[in-house]
Each structure stands twice: as structure tokens, then as C-alpha cells.
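Please load the model in your viewer and keep a selection panel at hand. The tour moves from one selection to the next, and at each stop it says what is there.

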Amino acid sequence: FAPFGTLGSVLVVPPGSALNSVAAVVAHARANPGKMFYGHYNSASLMAAELFRVRTGIPLTGVSYKTIGNAITDLIGGQIQVLFLEYASGSAHIEGGKLTALGVTGRERHKAWPQVPAIAESFPGFELTAYLGLAAPAKLPADIAETINRWVLDAQADATIRARLDQLGMTPRALSRDEARR
């Protein structure tokens, strides 16, 4: 396994929502059990919302969507109150003012949105990130696996590649094969 990096998700609400912080979402959900809904359209959005629900102990109900567009439409329309989007999916909506970011699922703040706290700042230990990388068959000779890992590490050092990873909301993770296995 040769990881390119990690990426997280961002908790979003419509602009002008009274839910203007992670704390406000938690307080509102506690005060209105059974009336808070989150959307999910893939495993990443579902996992982030469920981890948030479990770690905060708040009553949230999930609503499944076939597409991200339908989930965003219902978020803006008020049918659901919160949604988790992957960094790359959320960036255009956040930077365009169509959605407001409240918190990120990474251990630390995302460098594109330094004003948006990590949810872990309010709920220590909260972290949900995904790895993107290359994998190969288990019986791949070690020298070939090491060469592939070295290529990925070299690619991460390239300014053009780093800039592209940054555009995708990815934090490069330079890991040896042993570190990646762990």
C-alpha cells in the first residue's frame, strides 16, 4: 500500500441557518429530539454523520439520498438540517456561499478553511479521515512494492502533484510501506 494522503469531510448547513456552530447543532438536536435530520448519499457522508451522532450523543435521523445534488437541494430547502460533504465536494459550495461550514472531521483544521474548527476541538477524539492510495496484490514481490511506494513518495515531493492534492482537499502522507501497513 502506498498512500497519497488523507482527506476528511465537512459539516455544512445552509447560509443563514440558526445552527451556526457545532455546539448549536448539538444543543438544537438535544432540545428537539426526533426533529433533526441529516442527509447521506454515500458511505463517507453516512459514516461521518453516524460518528457525529454517536460521539455527541444527540438524536439525529438519517435520510438516504441517491445523489449529492439531491441531498444539497434538500439541505438548502430545509428538509434536512445538516450534511457532511467530502472536502473536494464541499469546497465549491462553501467558497461560493451556497453552504456554511461548521466543522471538519479531520484531527486538525483544514488549511483551506482555517476559520472552521475541527469537530475534535469540541469533542476530543472525534476524527474521521480516509486514505487514498495505491494497493497491489498480496503476493507482489517486495522489491516491486518498494519501488511503487518510492514512486508515490517522489510524486508527493513534486510541487505540481502537491498542488493538485491540495485542490482535492487532501493532506499528503509520506509513509513507508511498514508505516502504511500499521
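Begin with Phe52 and Thr56: the backbone oxygen of Phe52 lies 2.6 Å from a polar atom of the side chain of Thr56, a polar contact in the sense of a pair of N or O atoms within 3.5 Å, where within protein one must be able to donate a hydrogen and the other to accept it, and where residues adjacent in sequence count only if both atoms are side-chain atoms. This is a predicted model, in which local features need pLDDT of at least 70 and side-chain atom pairs count only at pLDDT 80 or more, while totals for chains, interfaces and linings use all residues. Residues are numbered from 1 along each chain as its sequence is written, and side-chain values use heavy atoms, with hydrogens and water left out.

Stay with Thr56, which is placed in helix H2 (helices, H or I with at least four residues, and strands, E with at least two, are DSSP runs numbered from the N terminus). Thr56 is buried at a relative accessible area of 4%, where buried means under 20%, exposed over 50% and partly exposed in between, with a 1.4 Å probe and protein chains only. Not counting residues up to four places away in sequence, Thr56 touches Val26, Arg30 and Phe123, contact being heavy atoms within 4.5 Å.

Next, select Glu50 and Arg53, three residues apart in helix H2 (residues 43-56), about one turn of the helix. Their side chains meet in a salt bridge of 2.7 Å, N to O, the term requiring a side-chain nitrogen of Lys or Arg within 4 Å of a carboxyl oxygen of Asp or Glu. Glu50 is partly exposed at 24%, and Arg53 is partly exposed at 27%.

The structure holds four salt bridges, and another to select is that of Asp166 with Lys111, whose closest N and O atoms are 3.3 Å apart. Asp166 lies in helix H6 (residues 159-167) and Lys111 in the loop between S6 and S7, so the pair ties together parts that are 55 residues apart in sequence. Asp166 counts as partly exposed at 36% relative accessibility, whereas Lys111 is exposed at 62%.

Select Phe84 and, leaving aside its neighbours within four places in sequence, its contacts include Leu11, Tyr41, Ala48, Phe52 and Ile119.

Which strands form the open sheet, and in what order? Five strands take part, in the order S4-S3-S5-S2-S6 with mixed pairing, two strands being paired if DSSP finds at least two bridges between them. Strand S4 (61-64) and S6 stand at the edges with a single partner strand each, so one side of each is left without a neighbour in the sheet. S2 and S6 run antiparallel and are joined by four bridges, and Val13 stands opposite Thr100 in S6.

Finish with helix H4 (residues 87-95), which lies across S2, S5 and S6 and runs at about 115 degrees to S5, with axes as lines fitted to C-alpha atoms, for helices over the stretch in contact, and angles from 0 to 180 degrees between N-to-C directions.
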